[in-house]
Amino acid sequence: MSTETQAQYQFIDKIIQHHLGSTTEVKDLEFFYGGNFNLAVRVKLQSGDEYFIKWNQGDHQGLFEAEAKNLHLVGSTSTISVPSVIGVGSMEEKEYLMMECIPSGEKAANYWVDFGEKLARLHRNTSPKGHGLDYTNYLGSAAQINTWNSDGVAFFTENRLRKQLTQAVYDRKIEGALEEKLEVLFEKLPSLLPNESSALIHGDLWSGNAMTNPLGQITLVDPACYYGLREAELAFTTMFGGFEEAFYEAYNANFPIHKGFHERIPLYNLYPLLVHVNLFGEGYLPAVKKIVESY
Ligand code: ADP
């Protein structure tokens, strides 16, 4: 075992003992390196119980605390399954999140229909405060400032699009004509997007965050949730694809989608695209330009 692996083993052991007691013994670790910047591990104990722990180097303070709150919030609606949180904290200058492990199962025949129905039920949760959330959370490592706004389109424009544009301009990733065109488009959004009551959305709904649990049903991980425009969530699912038609049909049967949604998808996806520009670079700019030029 390399010194680094040994250190990681000891670190995991310390977290386990902190939350489950000193008699707990780790049997096996399976490392995941799939995330953007976090390390993750699936821990098997001698007892047979399994847990999932993610951690970072302490360079994204508060991120896991927010993720734990996100999981609690989505879980509290009892609409769609999320892993339960065992503990969140910091140790050895690293921050970690320990949760229930979701072993992967095979999709049941009704997986997509059930998922669509459950997402519709999640989206039926609204907030009297409007659009926003009581705390800052993160999409990947991008901070989402969630100051409440009674106007959904204004919230989406200011707290999502403009926040990312300001960052991109500051970093000189976007400037000149594109910046101006985006500003013009932002002005037009109230006439292009339907303003609805807020819906609690997962906020990072791509197929990588949609797990199949041992019952063959959906369990969502890694939420970046907030009360916002539900169409933004549905649009997000189309960014990288992988969601079957039955999912959208079941959603629509339970919470009808307004006419013209397909034409609005690119407008909503400007948000994750601008986040990608800021986090991963200019490779995502052509997609942004294409959207801006088509409206
Ligand atoms: P990151 O925040 O680094 O992107 P994710 O939370 O998306 O990490 O997790 C990365 C992968 O790890 C997921 O795609 C999923 O396969 C797996 N995973 C996440 N949470 C759990 C869990 N509670 N139990 C089992 N596997 C999980």
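A residue counts as buried if 20 or more other C-beta atoms lie within 10 Å of its own, as exposed if 12 or fewer do, and as partly exposed in between, with C-beta atoms placed from the backbone. Helices (H or I, at least four residues) and strands (E, at least two) are DSSP runs, numbered from the N terminus. With that in hand, look at strand 5 (residues 94-100): five of its seven residues are buried, so the rest of the structure largely encloses it.

Before going on, please note that this is a predicted model, in which local features need pLDDT of at least 70 and side-chain atom pairs count only at pLDDT 80 or more, while totals for chains, interfaces and linings use all residues. Residues are numbered from 1 along each chain as its sequence is written.

Which strands pair with strand 5? Two strands pair if DSSP finds at least two bridges between them. Strand 3 (residues 50-56) runs antiparallel to strand 5 and is joined to it by six bridges; here Lys54 has Leu97 as its bridge partner. Strand 4 (residues 85-91) also pairs with strand 5 in the antiparallel sense, over six bridges, and Ser90 stands opposite Glu95. Strands 4 and 5 form a hairpin with two residues between them, and Glu92 in the turn has a positive phi of about 50 degrees.

## Two nonpolar cores

A nonpolar core is a set of buried Ala, Val, Leu, Ile, Met, Phe, Trp, Tyr and Cys residues joined through C-beta atoms within 7 Å. The largest one here has 48 residues, and Val74, Ile80, Cys225, Ala232 and Leu274 touch the most other members. Helix 8 (residues 261-280) gives the most to this core, namely eight residues. Domain 1 (3-100) and domain 2 (111-294) both contribute residues, so the core lies between them; the domain bounds come from an automatic or database domain assignment.

Apart from this core lies another, of 17 residues, including Ile15, Phe52, Ile53 and Leu97.

## Helix 4 and its bend

Helix 4 (residues 152-170) has 19 residues and reaches 26 Å from its first C-alpha to its last, close to the 27 Å expected (1.5 Å times one less than its number of residues). How much does helix 4 bend at Arg162? The bend there is about 35 degrees, taken as the angle between axes fitted to the seven residues ending at a residue and the seven starting there.

Among the buried residues of helix 4 are Phe155, Phe156 and Leu165. After the helix comes Arg172, with a positive phi near 60 degrees.
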